Every structure is written in C-alpha cells, then in structure tokens.
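Dear colleague,

Please find the structure below. Notes on what was found in it follow.

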Amino acid sequence: VQPVESGGGLVQAGGSLRLSCAASGNILSIYTSGWYRQAPGQQRELVALITSRGATNYADSVKGRFTISRDNAKNTLYLQMNSLKPEDTGVYYCNALGRDYKGFVFDSWGQGTQVTVSS
C-alpha cells in the first residue's frame with residue numbers, strides 16, 4: 001500500500017492550501033489516517049488524525065484552522081489548511097493504518113509534500 005501526497009506549495013501567511021493523499025494497493029480497509037509534519041531540524045509531529053468512522057483529533061497548534069477529512073470509497077485523505085502561519089512550514093506526510101485483502105496489517109507512509117508559508 002502506497003500513499004501519495006499532493007497539494008503542497010508556497011503560500012503567504014493567512015492563505016490556504018488543501019493537501020490530498022491517495023492510497024493505492026490491495027486495500028481492504030483503512031482504520032486510521034493521519035497527517036504529520038516535520039520542520040527542518042525538528043522531529044515529525046502529529047497534525048491531525050481521522051478514524052474510519054470520522055472521529056478526529058488535532059494538534060493544539062492547528063485546532064480551528066485545519067480540517068481533516070477522508071473519502072473512504074476513494075481511499076483518499078484530505079487536509080484543508082486555512083489561516084496558515086510561517087510556523088506551519090514543513091514537510092507534510094500522510095499515514096495510513098489498515099488491513100489488506102490478504103489479512104495483513106499495513107502502516108504506510110507517503111513520501112511527503114513541502115508546505116512553505118512566507119511571512
């Protein structure tokens with residue numbers, strides 16, 4: 001299973017971006033999907049999570065500005081980012097935890113997409 005992110009780019013502070021992550025492969029079900037980010041010189045941190053039933057969890061730093069959603073039929077994850085700040089700059093990674101048709105559990109990461117917010 002391979003998630004592929006898209007939608008990153010350069011935006012001014014206060015602007016918006018929408019990230020997408022499409023997972024392909026032998027997918028039976030995705031239990032939990034999430035967005036993580038890593039700024040230069042820092043550890044990767046959780047941005048937002050969503051379960052198969054739609055329950056969500058956000059980092060305090062993005063609450064009220066970011067919205068995570070998913071399309072289960074398309075195995076696609078989204079992150080709508082509004083009111084962006086320079087501190088939101090980093091590489092954003094998608095993660096998918098689920099099970100394939102052979103019964104194996106997968107915990108897969110995308111290659112990342114760069115988000116740069118200028119002040």
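The structure, a predicted model, holds one cavity of 30 Å³ or more. A cavity here is a set of points, on a 1 Å grid over the protein atoms alone, where a 1.4 Å probe fits but cannot get out; points are joined across faces, edges and corners, and a volume is the space filled by probe spheres set on them. The largest cavity contains about 90 Å³ of space. It is lined by 13 residues, of which Ile30, Ser33, Asn75, Thr76 and Leu77 are the closest to its centre; a lining residue has an atom within 4 Å of a point. Two or more lining residues come from each of β3, β4 (27-38), β7, β8 and β9 (90-100), strands being DSSP runs of E of at least two residues, numbered from the N terminus. Seven of the lining residues are nonpolar, four polar and two charged, with Ala, Val, Leu, Ile, Met, Phe, Trp, Tyr, Cys and Pro counted as nonpolar, Asp, Glu, Lys and Arg as charged, and the others, Gly among them, as polar.

Now the sheet. Four strands form an open sheet in the order β1-β3-β8-β7, with antiparallel pairing; two strands pair if DSSP finds at least two bridges between them. β1 (2-6) and β7 (66-71) are the edge strands, each pairing on one side only. Within the sheet, β3 (residues 17-24) and β8 (residues 76-81) pair over six bridges, and Ser20 has Tyr78 in β8 as its bridge partner.

Residues are numbered from 1 along each chain as its sequence is written. Local features need pLDDT of at least 70, side-chain atom pairs count only at pLDDT 80 or more, totals for chains, interfaces and linings use all residues, and side-chain values use heavy atoms, with hydrogens and water left out.

Regards

Conventions. On a 1 Å grid over the protein atoms alone, a cavity is a set of points where a 1.4 Å probe fits but cannot get out, and a pocket is an open set with protein on both sides within 12 Å along at least five of seven lines; lining residues have an atom within 4 Å of a point.
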